[in-house]
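User: I have a structure open and would like to go through some of its contacts. Can you take my questions as they come?

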Amino acid sequence: MEHEHHHTIADTDANQRIDKFLATDEFITSRAEVQRLLKSGDITVNQLCVNPSYKLRAGDLVRIVLPEPELLDLVPEQGPLDILYEDANLLVINKAAGVVVHPAPGHNSGTLVHFLMHHCKDLAGIGGVQRPGIVHRLDKDTSGTLVVAKNDIAHQSLVEQFKVHSIHRQYIALVWGVPMMSSGTISAAIGRNPNNRKKMGLNERGKHAVTHWRVLERFQNCALLSCTLETGRTHQIRTHLTSMGFPLIGDQQYGTSPLHRLKNLPGPVKQQLSQLHRQALHAQELGFIHPVSQDYMKFSAPVPEDMSLLLDILRKFHPNHMLRN
């Protein structure tokens, strides 16, 4: 079944190349796919075919038709799945850190999709060729809750809930630095970094993004935050917290571990920090309306061992810095 959707270009998006603008469309996987769809005529502007270099104008109507999925050629693989819930329509997974959600260049096997195809024999074609069943994603090194659709009805319903931002998504994050305020909201548009397409950054021409944060615990040089997403942009929490001056501990792409933050920490804390080989970000809660029963469902994934051990050590050495809201 074909999927069609539209964009009416706002003033803030004018003068962008169409292939660059659509590369962050939630239904398109890459800039290369945009170029392929432009060439095939499945993307038009004001009902006309255009080149990838076409500069968008305010008021342009961009029509995107995603063709019916081709037969899936991925080979199912048996792999670990921590299933929090499953029925005939969907699964909720507690994804482990280090697992890539769907195939991509450099990750042609061992992804969550490969494991899901082994577990669900009829998943092929649900939502796309390379991403069957996938409604949203978590970064490779982010752990936690993720919902997977098992049929078209569930997929369409969940995609719509994500589109209107009605899904509840709450994360916990360990960050460098200690916020003075107890809570706040970051509302800043996010777009691709023009110098590094693997990174995102604050960009007035990017997509609207809102993150609500709250301090759970304060330690020396770092803090534990709760982050609730109002929108779900690529690398949203990582980008927003970095822009505040509080990068995620262990995030090698957006933040580092400055020596001045480490030098006054006890040896056991430094040792545990050195063993954290990913950003300290965990999707702890996920809530949504069930596509069939229409019941509200909410799931929670326990704090993973690497973050839990680090928190235990921080609490041991800095008990007076704790603040629980």
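User: What does Glu86 form a salt bridge with?
Analyst: Glu86 forms a salt bridge with Lys150, and their closest N and O atoms are 3.0 Å apart. A salt bridge here is a side-chain nitrogen of Lys or Arg within 4 Å of a carboxyl oxygen of Asp or Glu. This is a predicted model, where local features need pLDDT of at least 70 and side-chain atom pairs count only at pLDDT 80 or more, while totals for chains, interfaces and linings use all residues. Residues are numbered from 1 along each chain as its sequence is written, and side-chain values use heavy atoms, with hydrogens and water left out.

User: Where do Glu86 and Lys150 lie?
Analyst: Glu86 is in strand β4 (residues 83-86) and Lys150 is in the loop between β6 and α4, so the pair ties together parts 64 residues apart in sequence. Helices (H or I, at least four residues) and strands (E, at least two) are DSSP runs, numbered from the N terminus.

User: Is Lys150 buried or exposed?
Analyst: Lys150 counts as buried, at 16% relative accessibility. Glu86 is partly exposed, at 35%. Buried means under 20% relative accessible area, exposed over 50%, and partly exposed in between (1.4 Å probe, protein chains only).

User: How many salt bridges does the count come to?
Analyst: The count comes to eleven. Among them is the one between Asp139 and Arg238, with closest N and O atoms 3.0 Å apart. Asp139 lies in the loop between α3 (112-119) and β6, and Arg238 in helix α5, so this pair ties together parts 99 residues apart in sequence.

User: Which residues are linked with those two in a network?
Analyst: Arg137, Asp139, Arg238 and Asp251 are linked in a network of salt bridges. Asp139 is buried, at 11% relative accessibility, and Arg238 is buried too, at 6%.

User: Switching to α4. Which of its residues are buried?
Analyst: Ala154, His155, Leu158, Val159, Gln161 and Phe162. Seen down the axis of α4, they fall within an arc of 160°, so they line one face of the helix. The arc is that of the directions from the helix axis to the C-beta atoms.

User: What do they pack against?
Analyst: The buried residues of α4 pack against β6 (143-149), β7 (168-176) and β13 (281-289).

User: And what comes after α4?
Analyst: α4 is followed by His165, whose phi is positive, near 60°.

Note on methods
Contact = heavy atoms within 4.5 Å.
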